[in-house]
Amino acid sequence: MTIISDDNNEINEKKHPKERSEDIKSEEISYDSFFEANIRPKHFDEYIGQSALKSTLKISIEAAKKRELPLDHILFYGPPGLGKTTLASVIAEEMGTNIKITSAPALERPRDIIGILMALKAGDILFIDEIHRLNKISEEILYPAMEDFVLDMTTGKAQTLKSIRIPLPKFTLVGATTKAGSLSGPLRDRFGIIHRLEFYTDDELTQVVKRTAGILDIKIDEQGAMAIAKRSRGTPRIANRLIKRVRDYAIVKSDGIIDEKTANKSLDILQIDRYGLDNTDRSLLSLIADKYNGGPVGIETLATALGEDSKTIEDVYEPYLVQKGFLQRTPRGRKLTPYACKCFNLKNIDLQQQLF
């Protein structure tokens with residue numbers, strides 16, 4: 001807790017309202033940064049879930065240490081919020097090296113990626129999020145950097161044009177993407193370790209919620225943690241977001257203690273149902289049921305009807321709906337499954353049609 005002296009309060013009172021507002025925003029940003037910094041696991045022992053992946057990475061890290069060489073380049077793919085960035089940080093910690101974190105959209109010009117590569121030291125980890133969004137020039141610069149640890153550059157013009165090769169320290173590139181299929185073949189083939197991150201089980205998310213509650217000094221019982229886990233869409237990021245909202249409700253309505261009843265009541269108010277679906281999810285399913293007799297219906301049609309971007313539907317909403325068995329992707333479009341009709345009592349749908 002930050003203690004502000006009376007002198008500071010007096011100074012704040014004299015500030016212009018806009019300046020005080022900016023101070024409040026800075027405090028909020030600082031709190032969010034503190035939360036993010038403390039919530040992320042630092043070692044594999046603290047990292048919950050992805051057991052098979054952790055076992056594989058531990059072996060690779062131990063072997064790299066014994067060879068006294070950097071790890072092979074690693075590609076993580078899977079839905080957002082499953083811990084790809086956190087895993088990269090854990091790997092750096094376990095390897096005892098530094099990590100540079102960036103994202104593909106930030107590497108617009110050749111000099112952006114060249115500057116980062118030139119600043120790396122031996123053994124460093126370069127983490128590029130959304131690596132499927134790298135532009136062609138940046139991607140081609142990465143090819144020799146990943147394969148031979150060199151930068152191929154040209155200087156001069158016309159008759160004076162020269163090609164030079166600059167050596168780079170041996171480093172590990174960790175790429176993360178939600179769309180592995182959007183990566184070009186040459187880039188994907190340069191990764192020595194490729195792993196998909198899976199959605200979390202309810203039991204794993206319960207552990208995540210309890211760990212986060214401990215860091216935030218929140219009182220929560222096993223049933224309360226499980227209630228939050230069941231509505232977290234199999235995603236730790238969502239679980240960590242929900243526990244903060246449930247905490248607020250518990251402080252006001254239940255003496256700050258989160259039990260099953262408190263968790264369910266607060267999540268009902270947030271309109272997150274027992275399957276983890278929010279209003280947009282339910283609107284999507286209802287639209288297919290009511291307007292298109294269960295589907296199939298094209299993604300662009302759905303996006304227009306919902307007022308959402310088609311990419312948002314594909315990347316944010318569909319993966320979980322498909323994983324839960326509520327939605328099918330077919331060559332003709334999206335359609336509801338018999339399971340969805342059963343769960344949501346959609347009796348007006350022709351279930352026989354859904355089987356084909």
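## Confidence

What is the mean pLDDT of the chain, and what share of its residues reach 70 or more? The model is a predicted one. Its chain has a mean pLDDT of 84, with 85% of residues at 70 or more.

Where pLDDT is low, predicted coordinates should not be read in detail.

An open sheet is formed by five strands with parallel pairing, in the order 2-3-6-1-7. Its edges are strand 2 (99–103) and strand 7 (193–196), each of which pairs on one side only. From one strand to the next, the twist averages 15°.

Within this sheet, strand 1 (residues 74–77) and strand 6 (residues 172–177) run parallel and are joined by four bridges.

Which strands does helix 4 lie across? Helix 4 (residues 84–95) lies across strand 1, strand 2, strand 3 (125–129) and strand 6. Relative to strand 3, helix 4 runs at about 180°.

## Helix 8 and helix 10

Two packed helices are described by the angle between their axes and the distance between the axes. For helix 8 (residues 202–215) and helix 10 (residues 236–253), the axes come within 10 Å and cross at roughly 45°. Helix 8 is therefore oblique to helix 10. The crossing of helix 8 past helix 10 is right-handed.

On the helix 8 side, the contact is made by L205, V208, V209, T212 and A213, which meet P236, A239, N240 and I243 of helix 10. The residues of this contact comprise seven nonpolar and two polar, with no charged ones.

## Helix 9 and helix 11

How far apart are the axes of helix 9 and helix 11, and at what angle do these helices pack? The axes of helix 9 (residues 222–230) and helix 11 (residues 260–269) are 7 Å apart, and the packing angle is about 25°. Because of that angle, helix 9 counts as roughly parallel to helix 11.

Helix 9 contributes Q223, G224, A227 and I228, which meet E260, A263, N264 and L267 in helix 11. The residues of this contact divide into four nonpolar, three polar and one charged.

Methods
Residues numbered from 1 in each chain as written. Predicted model: local features only at pLDDT ≥ 70, side-chain atom pairs only at ≥ 80, totals over all residues. Heavy atoms only, no water. Axes fitted to C-alpha atoms, helices over the stretch in contact; angles between N-to-C directions. Helix = DSSP H or I, 4+ residues; strand = E, 2+ residues; numbered from the N terminus. Parallel < 35°, antiparallel > 145°, perpendicular 65-115°, else oblique. Left-handed = near helix turned anticlockwise from the far one by under 90°. Contact = heavy atoms within 4.5 Å. Nonpolar A, V, L, I, M, F, W, Y, C, P; charged D, E, K, R; others polar. pLDDT = per-residue confidence, 0-100. Pairing = 2+ DSSP bridges.
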